[in-house]
Amino acid sequence: MTELFIGGSWKASETGRTRTITCPADGSRVAEVAEAGAEDAVAAVSAARAAFDVGEWPHTPTAQRGALLARVADILERETAAIARAESLD
């Protein structure tokens, strides 16, 4: 994953830098990822703020937002082992 997801699309970091994720247990290469910098963080926060303020989210009925968040929680619970493995490797 050598790109960042900002504002609804994938893009390289502003610096173009990447970093290698290495497994702490055996030193093997897990993945190559984009290395976000301050400019990327500002862009991501701005995009999130815009989505929250003027995107579809603030116009979505409360019950529908709740149902979506419950679905996300269900997926996270279902994928707990995979998420834990990914975090452990990172």
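This is a predicted model: local features need pLDDT of at least 70, side-chain atom pairs count only at pLDDT 80 or more; totals for chains, interfaces and linings use all residues.
View 1. Two strands count as paired if DSSP finds at least two bridges between them. Next, look for T20, which has E32 in β4 standing opposite. Here is a handy rule for reading views like this: in a regular strand, side chains alternate between the two faces of the sheet.

**View 2. The turn that makes β3 and β4 a hairpin.** How many residues sit between β3 and β4 in the hairpin? There are six of them. One to pick out in the turn is G27, whose phi is positive, at about 80 degrees.

View 3. The side chains of R19 and E35 come together in a salt bridge, with 3.0 Å from N to O. The two partners sit in distant parts of the chain, 16 residues apart: R19 belongs to strand β3 (residues 18–22), while E35 is in the loop between β4 (29–34) and α1. As a general point, side chains of opposite charge can pair when their charged atoms come close.

View 4. How many salt bridges does a search of the whole structure find? The answer is five. One of them joins K11 and E14, whose closest N and O atoms are 2.8 Å apart. K11 counts as partly exposed, with 23% relative accessible area. E14 is partly exposed as well, at 47%. Then there is the bridge where the side chains of R78 and E79 meet, 3.1 Å from N to O. R78 has a relative accessible area of 60%, so it counts as exposed. E79 has 31%, so it falls in the partly exposed group.

**View 5. A tilted pair of rings.** Aromatic rings get a view of their own here, and the structure holds one aromatic pair. The partners are F5 and W10, with 5.0 Å from centre to centre and 55 degrees between the planes, which makes the pair tilted. Why give two numbers? A pair of aromatic rings is described by the distance of the centres and the angle of the planes. F5 is exposed, with a relative accessible area of 51%, while W10 is partly exposed at 46%.

**View 6. A nonpolar patch on the surface.** Which residues make up the nonpolar patch? They are L68, V72, L76 and I83, and together they have about 310 Å² of accessible area. Helix α2 is the top contributor, giving three residues to the patch. At 39% relative accessible area, L68 is partly exposed.

**View 7. T60 between two helices.** Follow the chain from α1 (38–54) towards α2 (62–78), and T60 turns up in the loop between them. Buried or exposed? T60 is buried, because its relative accessibility is 16% and the cut-off for buried is under 20%. The side chain of T60 also reaches the backbone oxygen of E56, at 2.8 Å.

**View 8. D40, hidden in a helix.** D40 is a residue of helix α1. Its relative accessible area is 2%, so D40 counts as buried.

**View 9. Out past α3 with D90.** Where does D90 lie? This residue belongs to the segment after α3 (80–89). D90 is exposed, with a relative accessible area of 52%. Now look back towards W10, the ring partner of F5. Along the chain, D90 and W10 are 80 residues apart, and their C-alpha atoms are separated by 21 Å.

Definitions and conventions. Residues are numbered from 1 along each chain as its sequence is written. Side-chain values use heavy atoms; hydrogens and water are left out. Helices (H or I, at least four residues) and strands (E, at least two) are DSSP runs, numbered from the N terminus. Buried means under 20% relative accessible area, exposed over 50%, partly exposed in between (1.4 Å probe, protein chains only). A polar contact is a pair of N or O atoms within 3.5 Å; within protein, one must be able to donate a hydrogen and the other to accept it, and residues adjacent in sequence count only if both atoms are side-chain atoms. A salt bridge is a side-chain nitrogen of Lys or Arg within 4 Å of a carboxyl oxygen of Asp or Glu. Patches are made of residues with over 30% relative accessible area and no salt bridge: like charges are joined within 9 Å, nonpolar side chains (Val, Leu, Ile, Met, Phe, Trp, Tyr) within 5 Å. Accessible areas come from the Shrake-Rupley method with a 1.4 Å probe; for residues, only the protein chains shown count as cover. Rings of Phe, Tyr and Trp (its six-membered ring) pair if their centres lie within 6.5 Å; planes under 30 degrees apart count as stacked, over 60 as edge-to-face and the rest as tilted.
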